[in-house]
Number of protein chains: 2
Amino acid sequence: MTTVTGKRELLDLVSFDANGLVAAIAQQHDTGEVLMLAWMNRAALEETLATGRVCYFSRSRGKLWRKGETSGQVQHLKELRVDCDGDAVLVLVDQTGVACHTGRRSCFYRAARQGGVETILDVETDPEKLYGSRD
Amino acid sequence: MTTVTGKRELLDLVSFDANGLVAAIAQQHDTGEVLMLAWMNRAALEETLATGRVCYFSRSRGKLWRKGETSGQVQHLKELRVDCDGDAVLVLVDQTGVACHTGRRSCFYRAARQGGVETILDVETDPEKLYGSRD
């Protein structure tokens with residue numbers, strides 16, 4: 001099915017929360033790997049759609065977070081989807097290098113196991129080379 | 001790398017927010033399809049890990065939401081991962097039927113396009129058969 005809904009924009013379908021944010025899941029477009037969960041405000045979402053480079057809103061820093069601006073680990077936008085109730089977006093990206101500030105490809109590198117937690121992803125890039133920040 | 005971190009439990013790595021919730025991304029374990037984003041409180045996470053059936057916390061209903069309890073569209077847990085800062089979990093599941101209350105496989109069925117929004121997933125199950133609820 002390929003219904004284009006008139007002039008309705010994706011932004012009109014997003015329900016920003018009381019803090020003006022929407023949850024954003026980043027997924028590598030070709031492998032399907034879920035890379036990270038972050039947040040976007042309206043400005044971040046607009047910038048992402050306009051530039052094709054993924055921009056989040058950093059809740060800790062209280063400002064736009066242009067992913068990879070300092071670390072070089074940028075995310076090129078491939079497709080942006082919104083969920084049924086508009087409170088989450090799925091950002092299909094091409095991730096340069098690693099998504100996680102720990103130097104791992106994905107932030108989801110720890111898995112529940114019987115009796116403990118297993119680290120399932122190796123560090124690929126020295127975190128100090130990423131300037132020690134999440135980005 | 002397969003480091004088992006002693007007796008540290010996954011639950012100890014989760015940072016629940018001010019409302020006692022953590023974001024939970026459900027992903028089909030074999031295809032990589034991102035199905036939905038929902039929320040878990042500690043009880044939902046404990047129940048999910050204990051039973052192998054995914055349980056969320058419904059923010060609108062203010063109670064545990066045993067996915068598929070009424071609709072039959074259950075999620076069998078395959079693996080549960082936590083992200084680097086503990087504020088999101090990735091739930092790898094085997095989804096019975098459809099995840100979305102609209103009768104689509106995934107809640108992320110609308111994509112941004114030049115000049116509009118495209119519906120990219122078909123309805124697979126009559127939503128009325130799912131009792132019209134999200135579950």
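Tutor: UniProt, in an unreviewed entry, places a "binding site" feature at Cys84(A), Cys100(A) and Cys107(A). These three are spread over 24 residues of sequence and also in space, with up to 27.8 Å between C-alpha atoms. UniProt positions follow the numbering used here, feature names are shortened, and annotations may be inferred rather than shown by experiment.

The model is predicted: local features need pLDDT of at least 70, side-chain atom pairs count only at pLDDT 80 or more, and totals for chains, interfaces and linings use all residues. Residues are numbered from 1 along each chain as its sequence is written, while chains are lettered from A and ligands numbered from 1 in the order in which they are written.

Take Cys100(A). It is found in the loop between β7 (88-95) and β8 (110-113) of chain A. Helices (H or I, at least four residues) and strands (E, at least two) are DSSP runs, numbered from the N terminus. Cys100(A) counts as buried because it has 24 C-beta neighbours inside 10 Å. The cut-offs: 20 or more other C-beta atoms within 10 Å is buried, 12 or fewer is exposed, in between is partly exposed, with C-beta atoms placed from the backbone. Leaving aside neighbours within four places in sequence, Cys100(A) is in contact with Met36(A), Ser106(A), Cys107(A), Tyr109(A) and Cys84(B). Contact means that the C-beta atoms, placed from the backbone, lie within 7 Å.

Cys107(A) lies in the loop between β7 and β8 of chain A. Its 27 C-beta neighbours inside 10 Å make Cys107(A) buried. Outside four places in sequence, the contacts of Cys107(A) are Leu35(A), Met36(A), Ala99(A), Cys100(A), Asp83(B) and Cys84(B).

Now the aspartates. For "binding site", again in an unreviewed entry, UniProt lists Asp83(A), Asp85(A) and Asp87(A). Asp83(A) is found in the loop between β6 (75-82) and β7 of chain A. Asp83(A) is buried, with 26 other C-beta atoms within 10 Å. Beyond four places in sequence, Asp83(A) is in contact with Ala88(A), Met36(B), Leu37(B), Cys107(B) and Phe108(B). Asp85(A) has its place in the loop between β6 and β7 of chain A. Asp85(A) is partly exposed, with 16 other C-beta atoms within 10 Å.

Next, the partner chain. The contact takes 42 residues from chain B and 42 residues from chain A. On the side of chain B that touches chain A, the residues divide into 21 nonpolar, eleven polar and ten charged. Here Ala, Val, Leu, Ile, Met, Phe, Trp, Tyr, Cys and Pro count as nonpolar, Asp, Glu, Lys and Arg as charged, and the others, Gly among them, as polar. β8(A) and β6(B) pair in the antiparallel sense over two bridges; pairing requires that DSSP finds at least two bridges between the strands. Ala111(A) stands opposite Arg81(B) in β6(B).

Finally, the symmetry. A rotation of 180° with 0.0 Å of shift along its axis superposes chain B on chain A (RMSD 0.0 Å). The two copies are thus related as by a two-fold rotation axis. In chain B, the C-alpha nearest the axis is that of Gly32(B), 2.5 Å from it. The same surface serves both copies: 100% of the contact residues of chain B recur in chain A. Superposition is by least squares on the C-alpha atoms of residues with pLDDT of at least 70 in both copies.

Note on methods. Contact = placed C-beta atoms within 7 Å.
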